[in-house]
Amino acid sequence: IHGFCEKLLRNYGMHAGIPNNFKIKSFRREMTAILHDVVNKNYDSGLLKDILEYKVIRLLDALMTNNSNHGIVLDRAAADQCLKNSSADALWQSFKKLFLEMYLEAQDLIERQKKGENVLTPNDLISKTVELLENDYVANKVAEQYKYIFIDEYQDVDPLQNEIFAAIATPTNRFMVGDIKQSIYGFRSANPGIFAKAKREY
């Protein structure tokens, strides 16, 4: 599906402000460097003095990677809500606030650098295509090109990928093949429940 998304973004990305000459790379090295800089800058705050620096970096990295795999963007409003709903003691609340501030700062720096280098990651290909297909004109133009849509290994589809299929399909031209018992990509948000729901509805 990544190749399909790349093709759509190169052909129609201008409708979402995406240049068609974008580069694709993992951005892991750059992300790690940015996380290191952000944590290092905040490490003398006192709240982190009893935690090894590399562990803070690994925790931020794990959360950011998990969110990216699931198409989740943590924004300021969500971070504030997370703090508001907390009943933790003052020290833990202060740590959470600092952790979320570091997360948001790193996320912003990563996105700025990707934009400056005209780079999309493999996960960006999926999420940007979902955003692109919210444009009815683009969704209709793409849908017109496909009489039938065949999806193999449907048990390993994730919610964002399924949104792409739904945006360009009609109620009768989607053909899905899979086996729920063979779903193995839960670590990157594959959801066999999508297959089960489709089986019930079709």
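Reader: By class, what lines the second largest pocket?
Author: This is a predicted model, and its second largest pocket has a volume of about 440 Å³. Of the 26 residues in that lining, the closest to the centre are Ile1, His2, Ile126, Gln161 and Arg188. Sorted by class, the lining comes out as five charged, eight polar and 13 nonpolar residues.

Reader: Which element gives the largest share of the lining of the second largest pocket?
Author: Several elements put two or more residues into that lining: helix 1 (2-12), helix 3, helix 6, strand 3 (149-151) and helix 8 (159-168). With four residues, the largest share goes to helix 8.

Reader: OK, on to the largest pocket. Which residues are the closest to its centre?
Author: The largest pocket has a volume of about 700 Å³. Its lining counts 27 residues, and the closest to the centre are Ser68, Glu111, Lys114, Thr121 and Asp124.

Reader: And which element gives the largest share of the lining there?
Author: Helix 2 (28-42), helix 3 (53-69), helix 5 (90-117) and helix 6 each bring at least two residues to the lining of the largest pocket. By class that lining has ten nonpolar, ten polar and seven charged residues. The largest share is seven residues, and they come from helix 6.

Reader: Is aspartate 124 buried or exposed?
Author: Aspartate 124 sits in helix 6 (residues 122-132), and Asp124 is also among the residues closest to the centre of the largest pocket. Its relative accessible area is 10%, and the cut-off for buried is under 20%, so aspartate 124 is buried.

Reader: What do the buried residues of helix 6 pack against?
Author: First, the buried set itself: Asp124, Leu125, Ile126, Ser127, Thr129, Val130 and Leu132. One of these, Ile126, turned up above among the residues closest to the centre of the second largest pocket. The partners of the buried set are helix 1, strand 1 (23-24), helix 5, strand 2 (119-120), helix 7 (136-143) and helix 8.

Reader: How many disulfides does the structure hold?
Author: A disulfide is a covalent bond between the sulfur atoms of two cysteines. Cysteine 5 is buried because its relative accessibility is 0%, while cysteine 82, at a relative accessible area of 34%, is partly exposed. As for disulfides, the count is zero.

Reader: Zooming out, how many helices and strands are there?
Author: Along the sequence the elements run α-β-α-α-α-α-β-α-α-β-α-β-α. The C-alpha atoms fill a box of roughly 60 × 40 × 30 Å along the principal axes. The tally is nine helices and four strands.

Reader: What share of the contacts with a separation of 6 or more is between residues 24 or more positions apart?
Author: For context, the protein has 202 residues, and buried ones make up 37% of them. Taking the contacts with a separation of 6 or more, the share from residues 24 or more positions apart is 76%.

Note on methods
Residues are numbered from 1 along each chain as its sequence is written. This is a predicted model: local features need pLDDT of at least 70, side-chain atom pairs count only at pLDDT 80 or more; totals for chains, interfaces and linings use all residues. Side-chain values use heavy atoms; hydrogens and water are left out. Buried means under 20% relative accessible area, exposed over 50%, partly exposed in between (1.4 Å probe, protein chains only). On a 1 Å grid over the protein atoms alone, a cavity is a set of points where a 1.4 Å probe fits but cannot get out, and a pocket is an open set with protein on both sides within 12 Å along at least five of seven lines; lining residues have an atom within 4 Å of a point. Grid points are joined across faces, edges and corners, and a volume is the space filled by probe spheres set on the points. Ala, Val, Leu, Ile, Met, Phe, Trp, Tyr, Cys and Pro count as nonpolar, Asp, Glu, Lys and Arg as charged, and the others, Gly among them, as polar. A disulfide is a pair of cysteine sulfur atoms within 2.5 Å. Contact means heavy atoms within 4.5 Å.
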